[in-house]
Amino acid sequence: MSSSDPAADLRWMRRAIELSKRCPPSRTAFSVGAVIVGADGEVLAEGHSREVDAVNHAEEAALGKLPAGDPRLRAATVYSTLEPCGQRASRPHPCAELIVAAGVPRVVVAWREPSLFVAACQGTALLTAAGVEVIELPELAEEARAVNAHLVG
């Protein structure tokens with residue numbers, strides 16, 4: 001599924017940025033927001049970093065609110081303020097793998113993960129290699145980065 005509605009992409013990413021502002025600050029992790037939107041334009045789930053526990057990621061929090069195998073995910077878009085992680089020390093599966101396993105065909109990100117905690121994040125590469133369409137919204141990158149000013153200046 002490829003939804004090319006730039007206005008909707010910007011609107012949902014702005015919602016994800018608002019969610020990222022709810023994250024408890026951390027010196028060792030980014031503050032990220034995520035929104036999962038169904039093909040009908042309805043929000044399926046939302047999440048933000050550290051919502052559930054100290055190492056919870058936004059995409060993981062949002063996906064965790066839906067039943068495993070939810071058929072709506074096969075036509076959904078995940079909006080994440082930061083590139084989904086491609087490797088992770090705190091959980092067995094990084095967010096990029098969780099998104100692929102859930103069958104989500106489209107991911108929209110505001111900015112790619114800088115090499116602060118992980119050198120050369122491979123989230124986008126993992127997603128595209130699995131056939132997931134990844135869209136970047138560089139016009140909202142600064143807004144998403146600003147929530148993490150305590151980490152990236």
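How many bridges pair strand 3 and strand 4, and in which sense, parallel or antiparallel? In this predicted model, strand 3 and strand 4 (residues 106-111) are joined by 5 bridges and run parallel. Val-78 has Val-107 as its bridge partner in strand 4. To get from strand 3 to strand 4, the chain passes through helix 3 (residues 95-102), making a right-handed β-α-β crossover. Strand 3 also pairs with strand 1 (residues 33-37), this time antiparallel and over 4 bridges; here Val-78 sits opposite Ile-36. As for cover, 6 of the 6 residues in strand 3 (residues 77-82) are buried.

Turning to charged contacts, the whole structure holds 10 salt bridges. One of them brings Arg-91 and Asp-53 together at 2.8 Å, N to O. This pair ties distant parts of the chain, 38 residues apart: Arg-91 is in the loop between strand 3 and helix 3, and Asp-53 is in the loop between strand 2 (43-48) and helix 2 (58-63). Arg-91 is partly exposed because its relative accessibility is 22%, and Asp-53 is partly exposed too, at 30%.

Another salt bridge links Arg-145 and Glu-142 at 3.1 Å, N to O. Both belong to helix 5 (residues 141-146) and are 3 residues apart, about one turn of the helix.

Note on methods
Residues are numbered from 1 along each chain as its sequence is written. This is a predicted model: local features need pLDDT of at least 70, side-chain atom pairs count only at pLDDT 80 or more; totals for chains, interfaces and linings use all residues. Side-chain values use heavy atoms; hydrogens and water are left out. Buried means under 20% relative accessible area, exposed over 50%, partly exposed in between (1.4 Å probe, protein chains only). Helices (H or I, at least four residues) and strands (E, at least two) are DSSP runs, numbered from the N terminus. Two strands pair if DSSP finds at least two bridges between them. A crossover is right-handed if, with the strands pointing away from the viewer, the path from the first strand over the helix to the second runs clockwise. A salt bridge is a side-chain nitrogen of Lys or Arg within 4 Å of a carboxyl oxygen of Asp or Glu.
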